[in-house]
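Please look over the structure shown below before reading on.

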Amino acid sequence: MKLILTVDVEADNQWSFNGRISIENLRRLPRFQSMCESCGFAPTYLVAYECLQDPDAVASMRNWQERGSAEVGAHLEPWTTPPFTEDEIRNTAMQAFPNELAGDWFARKLETLTGAIQRSIGRAPRSFRAARWGMSGPMLEALFRLGYIADCSVTPKLCWKKETGRTGGPGGPDFRRAPIAPYWPSATDICTPGCGKIVEIPVTLLYTGSWVREGSKLARWFSCMEEGNWKRLLNRLVFKTRWLRIGPDSRFQDWAALYRAAQRNDLDVLEFMIHSSELMPGGSPFIRTEQDVDDLIGKCTAMLEYFQSRGVTGCTLEQYAVAHRERKHESPRDGLSQPPL
């Protein structure tokens, strides 16, 4: 089994975004990188446009990638990535989901971000995550044209439609039908396996209840059930949903339960995610003091050591996508064209 560590490298405290951007948290990346290296894992840094303005952080990430101890991918935030739409200019605090953008606007922003990363890091990114998980099938064509081979924006079991995005927009995506294992998504429906050439590597979000089988009729019914008291009760008693994140309430038992669930469902990869801003006091709603940061790093270390003790090894998003593509040997169909060589 493989473990992929993904880091959304972005501005401070995007949970309380008011149109102003600071990137103090980037000074904390070397500590996280050192922890990963000490445990034998290479993280994937998914970088937002604003973070490329920090020369020290750029130099560090470039160095880590060049020596093979990290990968640098792309993280597209519409509100920080030019060119900006008229409504983004009018409302600088608006955080539109990328899937709410018109196709041409998404493509233009993606070209800007991809080019900026290539110039700053010295190599074009090949892995992608949409900000706020705002991914859709039609967006795959733009990724594919620019040489991306992996996306990791899908959060199985979760629906983001009720979250506020673009003014008057449809909101975020609904991933409740999405597979838990890596797959080739359809160019029309991101939740449906198709014959594309972008490998979707979902964030690990599993039912850890001992007798719940992912993909069963019961699991599919529960996944699509509307949120409410009954769902929360069933989840607590039966399904026990966990995703591979670290928060104030994270415990050793969470990682063990996820590992057992992954084994039970024949998963060959786990994907962890964290925001770079969580590495700094005040960078997120959950991390307020230096002690909170120390606790988070301690939990990360314990998690990595646990997985390592179970024989889990690390890889980056790109490494997994290359291996997955070599195993499948899929031919391009479903409306997607061949990416540039």
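## Basis of the model

The model is predicted, so that local features need pLDDT of at least 70 and side-chain atom pairs count only at pLDDT 80 or more, while totals for chains, interfaces and linings use all residues. Residues are numbered from 1 along each chain as its sequence is written, and side-chain values use heavy atoms, with hydrogens and water left out.

## Nonpolar cores

A nonpolar core is a set of buried Ala, Val, Leu, Ile, Met, Phe, Trp, Tyr and Cys residues joined through side-chain atoms within 4.5 Å, where buried means under 20% relative accessible area, exposed over 50% and partly exposed in between, with a 1.4 Å probe and protein chains only. The largest such core holds 79 residues, and those touching the most other members are Leu-3, Tyr-45, Met-61, Phe-128 and Phe-307. Helix 9 (residues 290-309) gives this core its largest share, eight residues; helices (H or I, at least four residues) and strands (E, at least two) are DSSP runs, numbered from the N terminus.

Leaving aside residues up to four places away in sequence, Phe-307 touches Leu-3, Leu-244, Trp-255, Tyr-259, Leu-270 and Val-312, contact meaning heavy atoms within 4.5 Å. Another core, of 13 residues, lies apart from the largest one and includes Val-199, Ile-201, Val-269 and Cys-315.

## One face of helix 7

Within helix 7 (residues 229-239), the buried residues are Lys-231, Val-238 and Phe-239. Seen down the helix axis, these buried residues fall within an arc of 65°, so they line one face of helix 7; the arc is that of the directions from the helix axis to the C-beta atoms. On the other side of helix 7, Asn-229, Arg-236 and Leu-237 are exposed.

The cover over the buried residues of helix 7 includes strand 7 (205-207), helix 6 (217-224) and strand 8 (241-243). After helix 7 comes Lys-240, with a positive phi near 55°.

## A buried loop residue

Tyr-148 sits in the loop between helix 5 (140-145) and strand 5 (150-151), and because its relative accessibility is 0%, Tyr-148 counts as buried.
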